[in-house]
Amino acid sequence: MSRGNDAIPTWSGFNYQGKVMLFYILKLLNKINIDKDEREYSVNIEEIEDFSIICDSEYVSFHQVKAWLSASKWSSYSTAMDKLLKHRNEALNPTAKCYLMVAREVDDWDESSNTYKGSIELYKHDSKIIGVCDVKDLIIQEIKKYLAEKGYNESQYEIVYSELCLYLDDRIALMHKQGIKKRDYIIQFSSFLDIINQSIKKEHVRKEFYLKEKIYDYI
């Protein structure tokens, strides 16, 4: 049966792509300790790959993200992997990592016929592929880790998650409105940190408001 104009698979793919990118960035933020690391990190969205990580103006990793639930063979991703290697070569950084990030296991990835496995890493978290239904929980896990490290209340994870997703949606929507020549593909990691800090302040304001309303009702 034809899918017709059903946009759900496309929407799901873009949604997965954005959330996987957000998870990767949060995981990296927790790993590098951004407060002590003097290097400048940013992410390039869509200009080169689905997303690419930049450190001090140098590309350090390239990421192809696919939410294809019907693809289980490495050959299904050969076009995407060719692009990864091409863009790494053009970046003139032979040490840059290339990641294929997929929503289901690639059954034959480790077979000798896979000529890409020496140059491209099939991305996994805790030895597992990040499924479409797994990515939200993994983002929340990294948010809680960040909040705990900074001495914030982990229970604030929900508002932080919501604000980060809204921010990313707004940035991508803005990119689509801009002309190609004026489009800004780069987001600084500091912008994500600002959103986290602003979210925590919003939660404080919300709690203070509810407390005042309760006091008012009591009086």
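The model is a predicted one, in which local features need pLDDT of at least 70 and side-chain atom pairs count only at pLDDT 80 or more, while totals for chains, interfaces and linings use all residues. Residues are numbered from 1 along each chain as its sequence is written, and side-chain values use heavy atoms, with hydrogens and water left out.

The protein has five helices and six strands, taken as DSSP runs (helices H or I of at least four residues, strands E of at least two) and numbered from the N terminus. Along the sequence they follow the pattern α-β-β-β-α-β-β-α-α-β-α. With contact taken as heavy atoms within 4.5 Å, 61% of the contacts between residues at least 6 apart in sequence join residues at least 24 apart.

We can turn next to the sheet. The six strands form an open, mixed sheet in the order β5-β4-β3-β2-β1-β6, where two strands count as paired if DSSP finds at least two bridges between them. β5 (121–122) and β6 (186–188) are the edge strands, each pairing on one side only. β4 runs parallel to β3, to which six bridges join it, and K66 stands opposite V102 in β4. On its other pairing, β4 meets β5 in the parallel sense over two bridges, with L100 opposite L122 in β5. Five of the six residues of β4 are buried, so this strand is largely enclosed by the rest of the structure.

Helix α2 comes into this picture too. β3, α2 and β4 make a right-handed β-α-β unit; right-handed here means that, with the strands pointing away from the viewer, the path from the first strand over the helix to the second runs clockwise. α2 lies across β3 (58–66) and β4, running at about 170 degrees to β3; axes are lines fitted to C-alpha atoms, for helices over the stretch in contact, and angles run from 0 to 180 degrees between N-to-C directions. α4 also packs on the sheet, touching β1 and β6, and its direction makes about 150 degrees with that of β6.

Within α2 (residues 78–91) sits L85. Not counting residues up to four places away in sequence, L85 touches C98, Y116, S119 and I120. L85 and C98 are 13 residues apart in sequence, with their C-alpha atoms 7.2 Å apart in space.

The nonpolar cores complete the description. Such a core is a set of buried Ala, Val, Leu, Ile, Met, Phe, Trp, Tyr and Cys residues joined through side-chain atoms within 4.5 Å. The largest has 47 residues, of which V43, L164 and F192 touch the most other members. Elements supplying at least two residues each include α1 (8–32), β1 (41–45), α4 (157–177) and α5 (189–218), and α1 gives the most, with eleven residues. Apart from this core lies another, of 19 residues, among them C98, V102, V106 and I120.

Returning to α4, its buried residues include Y161, L164, L168 and M175. Leaving aside neighbours within four places in sequence, L164 is in contact with L22, L26, I143, F192, I195 and I196.

Key. Buried means under 20% relative accessible area, exposed over 50%, partly exposed in between (1.4 Å probe, protein chains only).
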